[in-house]
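Biologist: I am new to this structure, and I would like to learn how to read its features one at a time. Could we go through it together?

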Amino acid sequence: MPNRTIAPPIKDAIDFDIILKPCTRISLSNGTPVYYINDGAEEVAMIDFVFEAGNNYETKNGVAIATNNLVKNGTSSKDAFQITEFFEYYGAYLSRKCYNETASITLHCLAKHLKELLPVVRELITEAQFPEKELDIFKQNSIQRLSINLQKCDFVANRLIDEYLYGPEHPYGRVSTKSDIEAISRENLLSFYKQFYLNAKCRVFAAGKFPVDFEQLLEAHFGDLSLNEKVLPIMFSREMAIEKKHFIHNDKNGVQGAIRIGRPFPSREHPDFKKAIFLNTLFGGYFGSRLMGNIREDKGYTYGIHSYLENHVQESSWVVSTEAGKEVCQATIDEVYKEMELLREEPVNEEELLLVKNYMMGLNLGYIDGPFQIISRWKSLILNDLDENYFYDTLRVIKEITSEELLQLSNKYLVPEDFFELLVI
Amino acid sequence: MIKFEKFVLDNGLRVIVHEDRSTPMAVVDVMYDVGARDEDEEHTGFAHLFEHLMFGGSLHIESYDEPLQMAGGENNAYTTNDLTNYYLQLPAENIETAFWLESDRMCSLAFNENSLEVQRKVVMEEFKEQYLNKPYGDAWHMLRDLSYKVHPYKWMTIGKDLSHIENANLQEVKNFFFKHYTPSNAILTVAGNVSVEQIKQLAEKWFADIPAGEKYVRNIKQEPVQKEGRMMEVAEEVPLDALYKCWHIAGRLDRRYYLAEIITEILGGGASSRLFQSLVKEKQMFSNIECSHMGSIDPGLLYVDGKLMKGVTLETAENAIIVELEKMKSEMISKVELEKVKNKTESMLAFEDISLMNRANSLANYELLGDANLMNSELEIYQSITREEIMEECKRIFVDTNCSTLYYRSTVKE
């Protein structure tokens, strides 16, 4: 019978050597960079075409996302149904995502079908037509979806906190309204497409078990396109709200309130950023965090409470987010500030410090497990103009950070006066 | 092909090991054969509430999460109507920590009054967040209750009513634990950078001395065949009218289950599916429409639900759906359509198997169904399905007497 009162010995995860496997880097003859990892047990492939075509670049609300979304709804020779049916016939998924800086077109498929599928991906990024009818349906459906989302307190809160933190004109704080969606025209999409897809700055990330002629396939289908043009980043300035505290009454039948408490934070180049990632984990970034421990596991005010640093390129924000029972919203907000105060006044003890270090190292070990995970680490570095040194520096900070540094950091950033506070019921 | 080995301890605990030397991690998955279908109708939501209590400390270990995090691990759990699953991932070198933690809570919980008190509140907030504080959040409570008159699938995992969770007491918690959380009612799956030999030793060391307990024999009243179409209407302050329709289908181990799976794909899988193409794109009656099924072990439900475009009536929209379903009954689907669905299934299964966690979870799921090896033979079943079978199955499923319909009307005026 084992002695259950004694924990088995562990190897501290901070003693693990975590190596980010390199990815293969090539350039197509037009200069388009391709980063890929050819590995894995399953016969699957993922190719992600990342364009500098996010909503930073739009001059009219909603145009970037509409362009990205409708890029597969009709080309010169195929209608929307034919295109979708084509990809689905091969069991492939063609997804589109639009972010602030970038917009991507991503293909997931069985590797054996790449040869058939890639020519049609090329067609989408060279011959999209954006038929009027497709745009109309997109607009109608977006407006309907928006009307439902606007009834949800969490959706409303997420929009508003970003607006307070960046300003309503900033791409990180801007939101689409019904009339914005109504105003999008086919001409808007065609001109955005021409500017950012036909003459694009595109980077390609891929992972999977590829055929031997994978590089030739990419070259044949994409090597002659204008995918390596200069697209200058557009810089925006933060225009934060003047009022710090906000209350919105959104749903008279609401039984919970959405709470957001957030402050501006610099971008990841800032020397405090990596340390803040650590402090954030301890504060509200994992299941065992201070916020979860107190507000969920001790008080039972909420199903979950989290804090995070927003994943933006130019600048960031540090946000606490939760949905709590209507009658305990104020108590929840008070406890968030109490937890900040504790971090400002009392040094984190050695045991908790080691626990968070080990937890984060274990997490990082899992983050680089398998080709799909590894390429997504590389992608996140490359899109932020960083290299593997940043990855290793992050690990070094986790290993070396001290409770004194955390105390200093808390006193610098976890200061209630700097936070915007929002409650939506 | 996912390779694994299986052995059984004397106390009835089934252990499955899947070696993958390419990863530095290990996954440990403990699946208990208990879900909301094992609850009493007056005490619903209990299996799920209990899942929360499994983290409130066990016989010799005050906190479950902290030692695991200290070992570089992370965990979570979920409860369905059929089963409860606890899973964790950690660096393979620290795997013994997982055995220590999981075996201690299989021995016995601490049964802490305070933990029950807090988790009751947490689950009530979860109930509000997921089902009450969201437009249409209560639709599935109503639909289950409409579709099932006898079988415990008539309530959601979260429970029928907030009061059931509010009233849960410690004695019930204890009874539930000793009835369902026994080794013979559990499956331990270990995957990752481990060896079968090592797992055999660890399983013997940590789990072998847990008493077998009394074997729980499930005795659930099965749902009688529905004999009349059922209809329900509600009017709420939601922005759009919504329509829900569902039909009874076969249980998980029946060949007809796979037919239903293919039928839902043809009708609602992806943007080239029939309902999307016809009702969202061509007729523009819905702004979105879905067709899926519950994926349950006992006979479940296939459903269609969608939000209506402003100006379209529920009656018109329902008729348009029925027209599409009638086509499935009267005309054979095309060869290309069936091939498409089979190709999608093949690719979906391959993508699922990329993640170590998914592989472990699938093995446990199939073992719970009776044989972990089903994981490797399921694709063959899909491949063998014919167009004739699909048409026959549509004729069985899509009849009025087998159907329950919910009109969810909007009271919001523009």
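Biologist: Where is the place of Asp385(A) in chain A?

Modeller: Before anything else, please keep in mind that this is a predicted model. Asp385(A) sits in the loop that runs between helix 13 (371–383) and helix 14 (388–400) of chain A, and its phi is positive, at about 55 degrees, although the residue is not a glycine.

Biologist: Is Asp385(A) buried or exposed?

Modeller: Asp385(A) has 11 other C-beta atoms within 10 Å, and because a residue with 12 or fewer counts as exposed, Asp385(A) is exposed. Tyr136(B), with 19 other C-beta atoms within 10 Å, is partly exposed.

Biologist: How should I describe two helices that pack together, and at what angle do the axes of helix 1 and helix 4 of chain B cross?

Modeller: Two packed helices are described by the angle between their axes and by the distance between those axes. In this model, the axes of helix 1 (residues 46–53) and helix 4 (residues 113–132) of chain B come within 9 Å and cross at roughly 125 degrees, so the two helices are oblique to each other. Their crossing is right-handed. Among the residues that meet are His48(B) and Leu49(B) from helix 1 and Leu116(B) and Val123(B) from helix 4, and by class this contact has five nonpolar, four polar and one charged residues.

Biologist: Which residues have the most contacts inside the largest nonpolar core?

Modeller: In soluble globular proteins, nonpolar side chains tend to be buried together. Here the largest nonpolar core has 126 residues, and Ala26(B) and Leu188(B) have the most contacts inside it. Its largest share, eight residues, comes from helix 5 (residues 153–166) of chain A. Another core, of 65 residues, lies apart from it and includes Ile83(A) and Phe130(A). Leaving aside neighbours within four places in sequence, Ala26(B) is in contact with several residues, including Leu90(B), Ile95(B) and Val194(B).

Biologist: How many residues does the contact take from chain B and from chain A?

Modeller: The contact takes 59 residues from chain B and 60 residues from chain A. Among the elements that give two or more residues to the side of chain B that touches chain A are helix 3 (95–107), strand 9 (286–293) and helix 12 (335–352) of chain B. By class, that side of chain B has 21 nonpolar, 17 polar and 21 charged residues.

Methods:
Residues numbered from 1 in each chain as written. Chains lettered and ligands numbered in written order. Predicted model: local features only at pLDDT ≥ 70, side-chain atom pairs only at ≥ 80, totals over all residues. Axes fitted to C-alpha atoms, helices over the stretch in contact; angles between N-to-C directions. Helix = DSSP H or I, 4+ residues; strand = E, 2+ residues; numbered from the N terminus. Parallel < 35°, antiparallel > 145°, perpendicular 65-115°, else oblique. Left-handed = near helix turned anticlockwise from the far one by under 90°. Contact = placed C-beta atoms within 7 Å. Nonpolar A, V, L, I, M, F, W, Y, C, P; charged D, E, K, R; others polar. Core = buried A, V, L, I, M, F, W, Y, C linked by C-beta atoms within 7 Å. Buried ≥ 20, exposed ≤ 12 C-beta atoms within 10 Å, placed from the backbone.
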